[in-house]
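Please look over the chain shown here. What does its fold consist of, and how do its parts meet?

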Amino acid sequence: MSAENPASREVPQDNRFKVWRQTRPFWAGLFTIIGGIPIAYLPYGDLRLGNVIFAMKTTAGSTALIIGVLLVTLGLTMWFQPIVRIFAGVAAIVLGLVSIPVSNFGGFVIGFLFALVGGGMSIAWAPAPPIEEAVDTEDDGEPEAPAEAGAVLTAGLPEQRGPEHHATDKTIDANGGRNSAG
C-alpha cells in the first residue's frame, strides 16, 4: 500500500469466516440456538448429584422438544437465510414466551432468556450499506459539481404545491383544513 494506491477493500482469504459472520445476524442465531437446547433437553434429562437423581420430566415433554427444535432451526435460518431474519426473530420470541408454561419455565429461564435476546437481536440486525469505491480523479482539491446537480438532488422530493392546490377546498366537511375524526 502506498500513497498512490488506496487500501484495498477486499478481505484476505484467511478471514472468510469473519466476513460470513458480519453479513448475517450471527450472534442472534447463536443465542437462539443456545436457547433452544435447554428448552428441548431439560424435560427429558435428569441431574445426578452423587446418589441423588433430580428428574425434571414433565407431561408436556414432546411440546418442549418441538419448541427447542424449532428454536434451533430458527437460529440456523438466521445464519443461512438472513433475508427472513425479522420473521425468525419474532418466531423465536413467541416460542421463547410459549416455553415458559410448557418447558420447565423456559428451560429454567436460561433458554427463555437466550431465545428472547436472540430474537430481539435478529429483529434489530440490519445489513451494512455497501461500500462504494472512491473514484481516483485528478483535480485541484475542490469537488466538481455537475450542472444538473440541483435537479438530481431534488429528483426524489415530491413537488411542492402552492396554496391554490388544496384538496380540502372541495370537501364538504373541510373546516379550514382540519377534519373532524368522529
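## Overall make-up

This is a predicted model. The protein chain has 7 helices and 2 strands. Read from the N terminus, the order of elements is α-α-β-β-α-α-α-α-α.

The protein chain holds 182 residues, and buried residues account for 25% of them. Take the contacts between residues at least 6 apart in sequence: 69% of these join residues at least 24 apart.

## The H3–H4 pair

Helix H3 spans residues 61-80, and helix H4 spans residues 85-102. Their axes lie 10 Å apart, at an angle of about 160 degrees. Angles over 145 degrees count as roughly antiparallel, so H3 and H4 are roughly antiparallel to each other. Their crossing is left-handed.

On the H3 side, the contact is made by Thr63, Ala64, Ile67, Leu70, Leu71, Leu74 and Met78. On the H4 side, the residues are Ala88, Gly89, Ala91, Ala92, Leu95, Val98, Ser99 and Val102. By class, this contact between H3 and H4 has 12 nonpolar residues, 3 polar ones and no charged ones.

## Ser99, a residue of that contact

Ser99 sits in helix H4 and is among the H4 residues that meet H3. Is Ser99 buried or exposed? Its relative accessible area is 0%, and the limit for buried is under 20%. Ser99 is therefore buried.

Which residues does Ser99 contact, once neighbours within four places in sequence are set aside? They are Ile39, Ile67, Phe105, Gly106 and Phe112. Ile67 is also listed on the H3 side of the helix contact.

## Aromatic residues

A pair of aromatic rings is described by the distance of the centres and the angle of the planes. The model has 9 aromatic pairs. One of them joins Phe26 and Trp27, with 5.1 Å from centre to centre and 80 degrees between the planes. That pair is edge-to-face. Another edge-to-face pair is Trp79 with Phe80. Here the centres are 6.4 Å apart, and the planes again make 80 degrees.

Phe26 has a relative accessible area of 10%, so Phe26 is buried. Trp27 has 43% and is partly exposed. Trp79 counts as buried, at 14% relative accessibility. These residues belong to one aromatic cluster, formed by Phe17, Trp20, Phe26, Trp27, Trp79 and Phe80.

## Met121 and its contacts

Met121 belongs to helix H6. Its relative accessible area is 31%, so Met121 is partly exposed. Leaving out residues up to four places away in sequence, Met121 touches Trp27, Ala28 and Phe31. Trp27 is also a member of the aromatic cluster.

How far apart in space are Met121 and Ile86? Their C-alpha atoms are 9.5 Å apart. In sequence, Met121 and Ile86 are separated by 35 residues.

## Val109, between two helices

Val109 lies in the loop between helix H5 (104-108) and helix H6 (110-124).

Notes. Residues are numbered from 1 along each chain as its sequence is written. This is a predicted model: local features need pLDDT of at least 70, side-chain atom pairs count only at pLDDT 80 or more; totals for chains, interfaces and linings use all residues. Side-chain values use heavy atoms; hydrogens and water are left out. Rings of Phe, Tyr and Trp (its six-membered ring) pair if their centres lie within 6.5 Å; planes under 30 degrees apart count as stacked, over 60 as edge-to-face and the rest as tilted. Buried means under 20% relative accessible area, exposed over 50%, partly exposed in between (1.4 Å probe, protein chains only). Axes are lines fitted to C-alpha atoms, for helices over the stretch in contact, and angles run from 0 to 180 degrees between N-to-C directions. Helices (H or I, at least four residues) and strands (E, at least two) are DSSP runs, numbered from the N terminus. Angles under 35 degrees count as roughly parallel, over 145 as roughly antiparallel, 65 to 115 as roughly perpendicular and the rest as oblique. A crossing is left-handed if the near helix is turned anticlockwise from the far one by less than a right angle, and right-handed if clockwise. Contact means heavy atoms within 4.5 Å. Ala, Val, Leu, Ile, Met, Phe, Trp, Tyr, Cys and Pro count as nonpolar, Asp, Glu, Lys and Arg as charged, and the others, Gly among them, as polar.
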